[in-house]
Amino acid sequence: MYKDFYQSQNYVNRELSWIDFNGRVLEEAQQKDNPLLERANFLGITQSNVDEFFMVRVASLHKLVAANVTTTDASGMTPEEQLKAVNEKEHRMVAKRYRVYNNELLPALAKEGIFFRHFTELDNQQQEFLRRYFNEELLPVLTPMADDSSRPFPFISNNSLNIAIKLKRAPKDSQVQAPQTVLEGDQEVTGRPQEPHDDRNEAEEKFATVRVPDIYRRLVKLPHENTFVLLDEVVKQFLDQLFPGYVIQSTGTYRVSRDMDLDVAEADTSDLLRAVQHQLREREHGSVMRLEVQGDIDPWLENHLVKNLKVNTIALYRVDGPVDLTFLKKLSGMVHGRDDLRYRPFKPYLDPQFDMDSDLFAAMREKDHLVQHPYDNFQSVVNFIHKAAVDKNVLAIKMTLYRVSGNSPIIKYLGQAAQAGKQVTVLVEVKARFDEKNNVRWARRLEQMGCHVIYGLVGLKTHCKLALVIRRDHDGIRRYVHLGTGNYNDVTANFYTDMGLFTCDYEIGVDMTNLFNMLSGFARPRYFHKLHVSPHGIRQFIDDKIDEQIEVAKSGNPALIRMKMNSLSDKQIIARLYDAAAAGVKVQLLVRGITCLRNDLPVLNGNIEVHSIVGRFLEHSRIYYFESNGHSDIYLSSADMMTRNLNRRVEELFPVEGARTKQKAINIFDRMWKDNVNTWVLHGSEYELLDSAGQARFNSQQYFVDEAEKHQADEHREQENKRHLSTVFETLTRHVPRLHLKRVKNNQHD
């Protein structure tokens with residue numbers, strides 16, 4: 001029956017849904033319950049989100065339009081229609097972002113003594129500080145680029161901040177001037193300007209551009225106060241020093257976003273690393289997807305940019321404020337003091353069984369362990385690899401890496417293991433978007449340290465998060481496994497919510513061995529015992545589980561499907577969920593981002609509820625949970641319900657089976673479903689912030705923070721009690737012999 005749901009009116013366009021998600025992030029910048037500097041950070045995040053959206057998703061639409069593709073997506077829109085709709089919607093979002101910036105954040109920051117100033121608003125001492133900063137730091141680095149008959153329009157790199165300049169030759173009378181004084185270091189240097197070259201077109205308007213150097217912070221902090229000036233404003237103020245003999249008539253900040261999608265031909269992977277490196281160089285020159293200019297830019301400058309950058313007018317964005325708001329993500333780190341304007345820091349809980357002083361492998365042999373980051377410390381995962389590297393009984397380590405940090409301790413320990421003579425195999429996905437350069441570097445480094453490195457499979461990205469440790473125990477060879485929903489990145493683990501399972505389950509261990517053999521060799525396992533692996537395996541498994549729930553509902557018994565994911569866009573999976581709801585299955589979905597499903601179809605009978613949580617932490621974990629006939633099955637996965645994850649990636653889905661770990665996973669979903677602070681509710685095709693009026697407020701993320709701190713405090717008390725008892729015991733053992741001797745002597749005297 002599910003094919004009956006394939007009509008386009010039953011689906012929301014993926015790209016427009018993504019813009020709606022970014023709008024939910026923007027709402028966090030408006031929430032006065034959020035600390036002020038965190039609100040500024042949310043606004044910066046919306047900017048960086050949309051930058052990537054244009055570089056990848058909008059770029060893909062442009063390619064389809066250029067190839068004259070007219071087929072429609074699930075919602076019935078052609079690529080050209082999508083491109084038009086996306087730009088129209090994003091223009092409205094840009095206007096809203098800058099209203100939040102100008103009307104809400106700037107006044108609120110000023111009220112707290114945090115100021116963004118223009119040069120003319122500064123006193124003499126502050127202006128002198130900026131003048132010296134420009135001459136000592138910026139002037140030697142800046143390079144003016146002219147556009148004239150002998151010098152073509154310069155290349156403008158992706159997302160770089162630039163200043164367009166309209167200027168004219170200064171009148172001859174004004175060119176013979178007194179010597180100019182320029183500051184070099186602490187010395188004033190005087191020199192007479194060169195006589196200008198003869199130019200018959202002195203009255204002609206000329207164009208030049210200057211790139212604002214990104215080696216400096218965008219925010220220039222004035223001494224002894226929380227007052228900031230934007231770097232591009234400083235450059236503009238002193239631009240005339242770069243153009244002696246010319247009069248600057250107007251300036252305007254601008255930025256371009258280019259097609260940055262990597263398109264590696266994968267006929268074979270014999271030299272995949274070189275192909276990726278070549279594409280990294282090529283994509284820097286991708287077509288312009290968007291041109292942002294300051295709202296009051298001179299029309300002459302704007303026309304010059306549009307013409308030379310070959311930008312469609314719908315992709316021209318005039319902004320009412322600073323171009324590129326990502327600098328707001330750095331503001332909190334530069335404001336002195338004011339912890340009251342930030343989220344209260346917390347210390348994640350580290351199970352003492354997973355610290356480096358404990359027998360981690362014995363803890364895993366005893367029972368499975370489920371962790372939820374960042375509330376559970378990611379150090380448990382790092383320690384797992386570290387222990388494996390230094391343990392003399394460990395024979396081999398196998399691991400997949402999709403994204404890691406720039407200074408990854410896991411890379412260090414894998415190399416340490418290889419140098420200790422252990423067999424170390426690492427699949428590094430060098431096609432991980434925007435981490436390609438980082439991953440190529442790590443792949444080379446791992447090879448140099450003696451690891452066997454795999455670069456991925458032909459035509460597929462390896463997105464699964466797996467670590468397998470083979471150890472010789474007293475009773476034979478045993479496999480120790482970590483499976484996760486998120487990357488092995490010790491930095492993002494502090495603000496992404498993800499889940500991981502540590503287990504010694506025999507069948508999962510066998511599945512892991514078979515999966516790594518598939519990734520590294522020619523093995524094609526006929527089946528997996530407990531793992532489900534995409535491409536295709538996860539889709540089939542989810543289909544089967546939905547069918548089971550439908551049969552239960554048709555028999556008149558209650559059935560429940562609960563799923564948590566980042567995005568829901570696969571047409572077939574959505575149709576299956578429609579089919580389940582129409583049959584009477586209750587469906588509860590937690591979807592952070594893209595949601596192509598509508599839940600207002602009459603045939604669904606209100607059986608599909610969709611929540612979206614946007615809060616302090618980025619919800620990244622994936623949970624798939626099925627309950628009926630008094631029985632519940634719960635699974636975690638690296639995969640979202642997106643076509644790319646199910647058809648074109650290697651992903652894993654794994655069961656949580658132990659009674660304790662299973663209940664913990666269910667409780668996590670329950671707490672998130674109960675959230676009425678960070679939750680948006682889908683009504684048809686639009687999300688609305690949940691109205692919690694009259695209800696006790698419940699913030700699931702804060703609940704998990706409080707739980708982590710409680711566990712930490714309980715653990716601290718337990719350790720203190722142990723130390724106290726140890727001290728008492730030592731004291732008693734020191735005095736008992738003397739007491740015993742005294743009794744003996746007394747008995748003899750009697």
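This is a predicted model: local features need pLDDT of at least 70, side-chain atom pairs count only at pLDDT 80 or more; totals for chains, interfaces and linings use all residues.
Local features need pLDDT of at least 70 and side-chain atom pairs count only at pLDDT 80 or more, while totals for chains, interfaces and linings use all residues. Residues are numbered from 1 along each chain as its sequence is written, and side-chain values use heavy atoms, with hydrogens and water left out.

The chain holds 19 helices and 29 strands. These elements are DSSP runs numbered from the N terminus (helices: H or I, at least four residues; strands: E, at least two). Of the 750 residues, 53% are buried. Buried means under 20% relative accessible area, exposed over 50%, and partly exposed in between (1.4 Å probe, protein chains only). The chain exposes about 34800 Å², and carbon and sulfur atoms supply 48% of that area. Accessible areas come from the Shrake-Rupley method with a 1.4 Å probe; for residues, only the protein chains shown count as cover. Among contacts (heavy atoms within 4.5 Å) between residues at least 6 apart in sequence, 75% join residues at least 24 apart.

Two packed helices are described by the angle between their axes and the distance between the axes. Helix H1 (residues 14–30) packs against helix H3 (residues 79–111) at about 5 degrees, with the axes 10 Å apart. Axes are lines fitted to C-alpha atoms, for helices over the stretch in contact, and angles run from 0 to 180 degrees between N-to-C directions. H1 and H3 are therefore roughly parallel (angles under 35 degrees). The H1 side of the contact includes Leu16, Ile19 and Leu26; the H3 side includes Val86, Met93 and Val100. By class, the H1–H3 contact has nine nonpolar, four polar and eight charged residues. Ala, Val, Leu, Ile, Met, Phe, Trp, Tyr, Cys and Pro count as nonpolar, Asp, Glu, Lys and Arg as charged, and the others, Gly among them, as polar.

A search of the whole structure finds zero disulfides (pairs of cysteine sulfur atoms within 2.5 Å). Cys464 is buried at 1% relative accessible area. Cys596 is buried at 4%.

A cis peptide bond joins His373 and Pro374, with omega about 5 degrees. Pro374 lies in the loop between strand E12 and helix H11. Another cis peptide bond joins Ser534 and Pro535, with omega about 10 degrees. Pro535 sits in the loop between strand E20 and helix H15.

Lys310, a residue other than glycine, has a positive phi near 55 degrees. Lys310 belongs to the loop between helix H8 and strand E11 and is exposed at 71%. Phi of Asn605 is also positive, near 55 degrees. Asn605 occupies the loop between strands E22 and E23 and is exposed at 55%.

Technical notes:
Angles under 35 degrees count as roughly parallel, over 145 as roughly antiparallel, 65 to 115 as roughly perpendicular and the rest as oblique.
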